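Hi,

Here is the structure I said I would pass on to you.

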Amino acid sequence: METRTKDKEVEDLLLCAQEARVRAYTPYSKFRVGAALLTEDGSLVPGCNVENISFGLTICAERNAIARAVGEGHRTFKAIGVVADMKDKFVTPCGACRQVIVEFSVDCEVYLGRPDGAYVKTTIDKLLPDAFTPHVANLESLTK
Ligand SMILES: [Zn+2]
């Protein structure tokens, strides 16, 4: 198995998200988002947003990737990459996606990328502090 450096891992993660973004189904908003998960075993799992004429049924790229990953047997994610095009801004996961990410990985790294290759790193803990999760350790921190 190839040993990847951290930089190469992030580069591959964001490339996977970028490629998923191209496949997004967004006839209404035209706002394409791609996501990719880096699983515990080093696999990359992509997802893209999929809209629906019944707008409430639209699913975000992040949750789409997580549903796919869980369906493939993955339950722990080291990182998620999210790529969208908001010019000079970085797009963060919405509240619903943050809650779904933290369900599986309280220490997930989050890489926010742009089509030009620029990215910033954050964590799910920073995006959703004191989250409601099934992980005992996190619940303990709420009582301190
Ligand atoms: Zn979302």
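**What I found**

Lysine 8 has a relative accessible area of 33%, which makes it partly exposed (buried is under 20%, exposed is over 50%, and partly exposed is in between, with a 1.4 Å probe and protein chains only). Before going on, please note that this is a predicted model, in which local features need pLDDT of at least 70 and side-chain atom pairs count only at pLDDT 80 or more, while totals for chains, interfaces and linings use all residues. Residues are numbered from 1 along each chain as its sequence is written, and side-chain values use heavy atoms, with hydrogens and water left out.

**Salt bridges**

There are five salt bridges in the structure (a side-chain nitrogen of Lys or Arg within 4 Å of a carboxyl oxygen of Asp or Glu). In one of them, lysine 8 meets aspartate 12, with N and O 3.0 Å apart. These two residues are four apart in helix α1, so about one helical turn separates them (helices are DSSP runs of H or I with at least four residues, strands are runs of E with at least two, and both are numbered from the N terminus). Aspartate 12 is buried, at 16% relative accessibility.

Another salt bridge brings lysine 78 and glutamate 9 together, their closest N and O atoms being 3.6 Å apart. This pair links distant parts of the chain, since lysine 78 sits in strand β3 and glutamate 9 in helix α1, 69 residues apart. Lysine 78 is partly exposed at 35%, whereas glutamate 9 is buried at 13%.

Glutamate 109 and lysine 121 also form a salt bridge, with 3.5 Å between the closest N and O atoms. Here the link runs from strand β4 to strand β5 (residues 119-123), across 12 residues of sequence. Glutamate 109 counts as buried at 18%, and lysine 121 as partly exposed at 49%.

**The strands**

How are the strands joined? Strands β1 and β3 run antiparallel and share seven bridges, and β1 is also antiparallel to β2, with five bridges (two strands pair if DSSP finds at least two bridges between them). Leucine 38 takes part on each side: opposite alanine 79 in β3 and opposite leucine 44 in β2. The hairpin of β1 and β2 has four residues between the strands, and glycine 42 there takes a positive phi near 90°. Strand β3 (residues 77-84) pairs with β4 in the parallel sense over five bridges, and valine 83 faces glycine 113 of β4.

Is β1 mostly covered or exposed? Seven of its seven residues are buried: Val33, Ala35, Leu37 and Thr39 on one face, and Gly34, Ala36 and Leu38 on the other. For β4 (residues 109-113), five of five residues are buried, with Glu109, Tyr111 and Gly113 on one side and Val110 and Leu112 on the other.

**The zinc ion**

Which residues hold the zinc ion? Its protein donors are the SG atoms of Cys60, Cys94 and Cys97, at 2.2 to 2.4 Å (donors are N, O and S atoms within 2.8 Å of the metal, or 3.2 Å for Na, K and Ca; water is not among the atoms, so sites may look incomplete). In sequence, the donor residues follow the spacing C-x33-C-x2-C. Cysteine 60 belongs to the loop between β2 and α2 and cysteine 97 to helix α3 (residues 95-104), so the two tie together parts 37 residues apart. Cysteine 60 is partly exposed at 22%, but cysteine 97 is buried at 0%.

**Aromatic pairs**

The structure has three aromatic pairs (rings of Phe, Tyr and Trp, taking its six-membered ring, with centres within 6.5 Å; planes under 30 degrees apart are stacked, over 60 edge-to-face and the rest tilted). Tyrosine 28 and phenylalanine 55 make a tilted pair, because their planes meet at 50°, with centres 5.6 Å apart. This pair connects the loop between α1 (6-22) and β1 (33-39) to the loop between β2 and α2, 27 residues apart. Tyrosine 28 is partly exposed at 37%, and phenylalanine 55 is exposed at 56%. The rings of tyrosine 111 and tyrosine 119 are edge-to-face, with planes at 65° and centres 5.9 Å apart. Tyrosine 111 is buried at 3%, while tyrosine 119 is partly exposed at 38%.

Happy reading!
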